[in-house]
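Hi,

Here is the structure I said I would pass on. Have a look at it first, then read my notes below.

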Amino acid sequence: MSTPLLDIRIERKSFAGATVLQNLGLRLAEREIVSLLGPSGCGKSTLLRIAAGLERDFSGRVLRADGAVAFVFQEPRLMPWLTVAENIGFADDRDYDRERVAQLIAEVGLEGFAEALPKQLSGGMAQRVALARGLYSRPRVLLLDEPFSAVDAFTRMKLQDLLLQLAEHHAIALLLVTHDVDEALYLSDRVLVMGSRPSGIRQELSVALPRPRDRRDPELARLKAEALTELHLAHAI
Ligand SMILES: Nc1ncnc2c1ncn2[C@@H]1O[C@H](COP(=O)(O)OP(=O)(O)O)[C@@H](O)[C@H]1O
Ligand SMILES: [Mg+2]
């Protein structure tokens, strides 16, 4: 691997004496797409926060390449009093790059909604805004914490395809937490399966299929069986 965008080595991460993450290594290469699967409470969100530099209280180290890391959460977290364009260009900075915002709005398929308020948007549309906002600062890595968990299955597939297009066009890497094995395999170059606490990475699945992928590809089904077996052993399911 050439110099990774993220190189994380966690010896131990605890909350109030309870170890959550232990002996975990994770590297993310430029333009790589990696998903994290694992039981609820195993520390996936904590790991993303460590990756983002939001959580510094752990033993280990994180090397982060220059350039912003941006975060997308399960809830879009839009400011209800700001328009779509303002939410993307950012909150209290009135001096945002309008041209870039307009371009991002078009890219996420929200033409005509620049002046709309969040309450006028469906859940899927709001998450499109969240993706555009994540990209606005020109990150090299987008960290996504269960970004599509709150939308219906068909919207979710469309958002997955949008995310792949955006990653390609903006030449960014993705580190994504999901509970959806199909989503992880469809999107990723590598899928990392975590165990129960104290968690490390139990299994790494490489998905060596070119994109665009066919969701019905038998290789995806084969990998899914492997991931499900490991999740079962990890008592996630
Ligand atoms: N700020 C915090 N204070 C105390 N415990 C926390 C905090 N954040 C997370 N935890 C605990 O750490 C564990 C992992 O949490 P989290 O990273 O959110 O898991 P996941 O995202 O995999 O569901 C959970 O048991 C959770 O209760
Ligand atoms: Mg979480």
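Met 194 sits opposite Ile 201 of β9. Those two residues belong to a pairing of strand β8 (residues 190-194) with β9, which is antiparallel and runs over 5 bridges. Before going on, some housekeeping: this is a predicted model, where local features need pLDDT of at least 70 and side-chain atom pairs count only at pLDDT 80 or more, while totals for chains, interfaces and linings use all residues. Residues are numbered from 1 along each chain as its sequence is written, chains are lettered from A and ligands numbered from 1 in the order in which they are written, and side-chain values use heavy atoms, with hydrogens and water left out.

As a bit of background, strands of a sheet pair through backbone hydrogen bonds, either parallel or antiparallel.

**The open sheet**

β8 and β9 are part of an open sheet of 6 strands, ordered β5-β6-β7-β3-β8-β9, with mixed pairing. Which strands stand at the edges? They are β5 (69-72) and β9 (201-206); each has a single partner strand, so one side of each has no neighbour in the sheet. From one strand to the next, the twist averages 15°.

Helices lie across this sheet too. For the angles, axes are lines fitted to C-alpha atoms (for helices, over the stretch in contact), and the angles run from 0 to 180 degrees between N-to-C directions. Helix α1 (residues 44-52) lies across β3 (33-37), β5, β6 (141-145), β7 (173-177) and β8, at about 155° to β6. Helix α7 (residues 218-233) lies across β3, β8 and β9, and runs at about 175° to β9.

**Two helices side by side**

Next, find helix α4 (residues 123-136) and helix α5 (residues 153-169), which pack at about 15° with their axes 11 Å apart. That makes α4 roughly parallel to α5 (angles under 35 degrees count as roughly parallel, over 145 as roughly antiparallel, 65 to 115 as roughly perpendicular and the rest as oblique). If you're wondering who touches whom, contact means heavy atoms within 4.5 Å. On the α4 side there are Gly 124, Gln 127, Arg 128, Leu 131 and Leu 135, and they meet Thr 155, Lys 158, Leu 159, Leu 162, Leu 163 and Leu 166 of α5. Sorted by class, this contact has 6 nonpolar, 3 polar and 2 charged residues. Here Ala, Val, Leu, Ile, Met, Phe, Trp, Tyr, Cys and Pro count as nonpolar, Asp, Glu, Lys and Arg as charged, and the others, Gly among them, as polar.

Also in α5 is Gln 160. Is Gln 160 buried or exposed? Its relative accessible area is 2%, so Gln 160 is buried (buried means under 20%, exposed over 50%, partly exposed in between, with a 1.4 Å probe and protein chains only). Not counting residues up to four places away in sequence, Gln 160 touches Phe 148, Glu 183, Tyr 186, Leu 187 and Arg 215.

Ser 137 is in the loop between α4 and β6, and counts as partly exposed at 41% relative accessibility. Leaving aside neighbours within four places in sequence, Ser 137 is in contact with Ala 68 and Ala 70.

Most residues other than glycine have a negative phi, and most peptide bonds are trans. Now for some exceptions. A cis peptide bond joins Arg 197 and Pro 198, with omega about -10°; Pro 198 is in the loop between β8 and β9. Another cis bond joins Arg 211 and Pro 212, with omega about 0°, and Pro 212 is in the loop between β9 and α7.

Asn 23, which is not a glycine, has a positive phi near 50°. Asn 23 lies in strand β2 (residues 18-28) and counts as exposed at 53% relative accessibility. Arg 77 has a positive phi as well, near 55°.

**One last pairing**

Strand β1 (residues 6-15) pairs with β2 in the antiparallel sense over 9 bridges, with Leu 6 opposite Leu 28. The two form a hairpin with 2 residues between them, and Ala 16 in the turn has a positive phi of about 50°.

Happy exploring!

Key:
Two strands pair if DSSP finds at least two bridges between them. Helices (H or I, at least four residues) and strands (E, at least two) are DSSP runs, numbered from the N terminus.
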